[in-house]
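Thank you all for coming. I would like to walk you through one structure this morning, so please have the sequence and the model in view while I talk.

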Amino acid sequence: MGAGPRRGVGPPDGGWGWAVLGACFVVTGFAYGFPKAVSVFFRALMSDFGAGYSDTAWVSSIMLAMLYGTGPVSSILVARFGCRPVMLVGGLLASAGMILASFATRLLELYLTAGVLTGLGLALNFQPSLIMLGLYFDRRRPLANGLAAAGSPVFLSALSPLGQQLLVHFGWRGGFLLLGGLLLHCCACGAVMRPPPGPGPRPRRDSAGDAPEEAEADRAGLSLSEAPPGGRARRRLLDVTVCADRAFAVYAVTKFLMALGLFVPAILLVNYAKDAGVPDADAAFLLSIVGFVDIVARPACGALAGLPRLRPHVAYLFSLALLANGLTDLSSARARSYGTLVAFCIAFGLSYGMVGALQFEVLMATVGAHRFPSALGLVLLIEAVAVLIGPPSAGRLVDALKNYEIIFYLAGSEVVLAGVFMAVATNCCLRRSQDAPPSPGTEGGASDTEDAEAEGDPEPRPTEEPRGLEALEVPSPGAGPAEPEAQAGPGRAFESV
């Protein structure tokens, strides 16, 4: 479990970080797999409540909307209370939502319990787990992100058959009750998220100074506060100034365009195959093919992105993955035979896995660890809007046109546009960043890791600080140059993320 001796201050890139990675794997699997796995209960719910498929499907839609749309809320709670308490509460909420849903007598009660409550609980687990992963890994962060992202296809492949067996043996009410108990594992994952090791505790303050717990709070996350010299800290719970960063704006627009079309082919694939004359069992197996390829693609792409020659260009690798996914949709729009559909699933699973493995690594490299919690919350909110627009609009087009071909063309075009925009805009941002005069004290000769993570950040940074986990302390406005650790005075304030 150890990562060998550490050199200097920074993420341990091992040690307890592997336990954090395992917890993040589980949380990611629940966050992305659970809303889709619940769909196996829809037929039973339709029978019991006398509702249609669209009314019942709102359970999963609300769950996904809460997962994405409450990103800023999760960022604020993490900044206020820290990752571990937020994840523990999130696990309890997710479990309570499914347990209460097992007693529902109306669809509205299902929307409020399984949809709103469980979705909020999953959101309060997902975002903090990614934040902690960024605090524990720097040099191995692309691989860590790829391994954590693999939880999504693994859990989807496991939860769907499990849900079917629970439905057969216990009915939908018993299945919801047992799944609620299963979600308590999120609390165990939250308990794992202890603060990363820091350079050592700070000297104790007197009663007029800072509290002695500040050293532990500082190691639990990154500073999001500012304080005047000798004054009290001003808490910044959501750093909206990240929106002014050109590189973040490029990433946000890319994610919006991507989310419009990325999920559409996977949602329509089974019905598309049935419409082409493929037997039901074979059509359902197509999604399994996508899942199996996805499981292999995510960690493999994470390891590839961590190579010294490729990591400085991880944004372009992300663009390439988007282009590959969009071109796969475009080239397979006329696929009708089972063999061509299998080939589409292999290519789609590979490119989809690459996108899943790289999306959060690119965001971490773009904004840095100190702004990642706020940036992630804002990006998830933007993605929630796109998810609520893209797939439902595609479904309505299918109902109106009775033709899946145009949907594949539309979805593929949107993803291709996202990839092209990401590559072109990133190149423009990089050129402006390189043309800007370096700040005093910035040295040339940065390592590959630092170059990769500073790729989307127009501000030059000293090479002594590890980029990806910015300095764990930020001098207050108006303060002088940073002083050594032992000389930190009350003019600085630190908060737990």
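This is a predicted model: local features need pLDDT of at least 70, side-chain atom pairs count only at pLDDT 80 or more; totals for chains, interfaces and linings use all residues.

Let me begin with a question: does C345 count as buried or exposed? With a relative accessibility of 0%, C345 counts as buried, where buried means under 20% relative accessible area, exposed means over 50%, and partly exposed lies in between, using a 1.4 Å probe and protein chains only. C83 is buried as well, at 3%, and the count of disulfides, meaning pairs of cysteine sulfur atoms within 2.5 Å, comes to zero.

Residues are numbered from 1 along each chain as its sequence is written, and side-chain values use heavy atoms, with hydrogens and water left out.

Now to helix α11, residues 246-261; helices here are DSSP runs of H or I with at least four residues, strands are runs of E with at least two, and both are numbered from the N terminus. Twelve of the 16 residues of α11 are buried, so the helix is largely enclosed by the rest of the structure; among the buried ones are F248, Y251 and K255.

At the start of α11, a side-chain oxygen of D245 comes to within 2.9 Å of the backbone nitrogen of A247. The side chain of D245 is also joined to that of R371 by a polar contact of 2.8 Å, a polar contact being a pair of N or O atoms within 3.5 Å, where within protein one must be able to donate a hydrogen and the other to accept it, and residues adjacent in sequence count only if both atoms are side-chain atoms.

R371 itself is found in the loop between α15 (338-367) and α16 (372-401), and is buried at 12%. Leaving aside neighbours within four places in sequence, R371 is in contact, meaning heavy atoms within 4.5 Å, with D239, V242 and D245.

Finally, K255 lies over the face of F360, at 5.5 Å from the ring centre; a charge sits over a ring if NZ of Lys or CZ of Arg is within 6 Å of the ring centre and within 35 degrees of the ring normal.

Note on methods
The expected span of a helix is 1.5 Å times one less than its number of residues.
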